[in-house]
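Hi there,

Here is the structure I promised to pass on. Have a look at it first, and then read on for what turned up.

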Amino acid sequence: MDKMISAPNPAEYDEFFNSYIGNANTDDLLSALAASEEYIVNFMLSLKEQQLNHRYQPGKWSIKEMLVHMADTERIFAYRALCFARNDKTELPGFDENAYAENSKADTRQITSILAEYAAVRQATIEMYKGFDDEMLNHTGIASGRSVSVRALGFAILGHEIHHLNIIKQRYLV
């Protein structure tokens, strides 16, 4: 990737984002997003249908639901980044991740369909971030009552995905 987006300064985001941004552990957002997409697609394709539908505890999401959650969250964070990059000062609401997962019907879908959607969302995020200049990356806004910059949202997307990938490996595939 030609453009490089470095990690945000902690002053750019509310402490709520600390763990996600810390998980990102990179100083090159665009390359990391592209590499993560490739890894996630290959990883998910390596799992059997039984694993993809497994819940490690009653009431927990399946791996398919978690993958759709990752795409949903990326869409929402990317929308927030777009609003803030365009200097829209509207405070943006939170979202009920459990309602989204419950109503996603992910377990009825083929993994190839979910992965195609996931990859399309990721490519849209990468292309959008390529179009942001330094001024736009530094814009901030309020989402879910928390201040966050456009740059920090990109790293939160990556770190959120890593957070869920770690949960899959630690709780689902043991």
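**Aromatic rings**

Phe16, Phe17, Tyr20 and Phe77 are joined into a cluster by ring pairs. Before going further, please keep in mind that this is a predicted model.

Phe16 has the charged end of Arg146 over its ring, 4.1 Å from the centre. Phe77 is among the residues that line the largest cavity, and I return to that cavity below.

How many aromatic pairs does the structure hold? There are seven aromatic pairs. One of them joins Tyr39 and Phe43, whose rings are stacked, with 5.9 Å from centre to centre and 10° between the planes. Tyr39 and Phe43 are about one helical turn apart, because they lie four residues from each other in helix H2 (residues 29-45). Are these two residues buried or exposed? Tyr39 is partly exposed, at 38% relative accessible area, while Phe43 is buried, at 14%. Buried stands for a relative accessible area under 20%, so Phe43 falls on that side of the cut-off with its 14%.

Another pair is made by Phe95 and Tyr100, and this one is edge-to-face: the centres are 5.3 Å apart and the planes are at 65°. Phe95 is partly exposed, with a relative accessible area of 26%, and Tyr100 is partly exposed too, at 37%.

Phe43 also has a charged neighbour. Lys169 lies over the face of the Phe43 ring, 5.6 Å from the ring centre.

**Two backbone spots to check**

Most residues other than glycine have a negative phi. With that in mind, here are two residues to look at on your screen.

Asn25 is not a glycine, yet its phi is positive, at about 45°. Where is Asn25 found? Asn25 belongs to the loop between helix H1 (18-24) and H2. Asn25 is exposed, with 69% relative accessible area.

Ser144 has a positive phi as well, near 55°, and it is a residue other than glycine. Ser144 is in the loop between strand S1 (140-143) and strand S2 (146-149). At 32% relative accessibility, Ser144 is partly exposed.

**The cavity**

Rolling a probe the size of a water molecule over the atoms shows where empty space is left. The count is one cavity of 30 Å³ or more, and the largest cavity has a volume of about 40 Å³.

Which residues line the largest cavity? The lining is made up of Met70, Thr73, Glu74, Phe77, Arg122, Ile157, His160 and Glu161. Helix H4 (63-85) and helix H8 (150-172) each bring at least two residues to this lining, and H4 gives the most, with four. By type, the lining of the largest cavity has three nonpolar, two polar and three charged residues.

**The pocket**

The largest pocket has a volume of about 420 Å³. Its lining counts 25 residues, and those nearest the pocket centre are Tyr20, Trp61, His69, Glu97 and His164.

Which element gives the most to the lining of the largest pocket? That is H8, with six residues. H4, helix H5 (97-102) and H8 each supply at least two. The lining of the largest pocket divides into 11 nonpolar, nine polar and five charged residues.

**The chain as a whole**

To finish, a step back to the overall picture. The protein chain has eight helices and two strands, and from the N terminus on its elements run α-α-α-α-α-α-α-β-β-α. The radius of gyration of the protein chain is 16 Å, close to the 16 Å that the globule rule gives for 174 residues, so the chain is as compact as a globular protein of that length. Along the principal axes, its C-alpha atoms fill a box of roughly 45 × 35 × 25 Å. Of the 174 residues, 47% count as buried.

Enjoy looking around, and do write back with any questions.

Best wishes

Definitions and conventions: Residues numbered from 1 in each chain as written. Predicted model: local features only at pLDDT ≥ 70, side-chain atom pairs only at ≥ 80, totals over all residues. Heavy atoms only, no water. Phe/Tyr/Trp six-rings, centres within 6.5 Å; stacked < 30°, edge-to-face > 60°. Buried < 20%, exposed > 50% of the residue type's maximum accessible area, 1.4 Å probe, protein only. Lys NZ or Arg CZ within 6 Å of the ring centre and 35° of its normal. 1 Å grid on protein atoms, 1.4 Å probe; cavity = no way out; pocket = protein on both sides within 12 Å on 5 of 7 lines; lining within 4 Å. Points joined across faces, edges and corners; volume = space filled by probe spheres on them. Nonpolar A, V, L, I, M, F, W, Y, C, P; charged D, E, K, R; others polar. Rg over C-alpha atoms; globule rule 2.2 N^0.38 Å.
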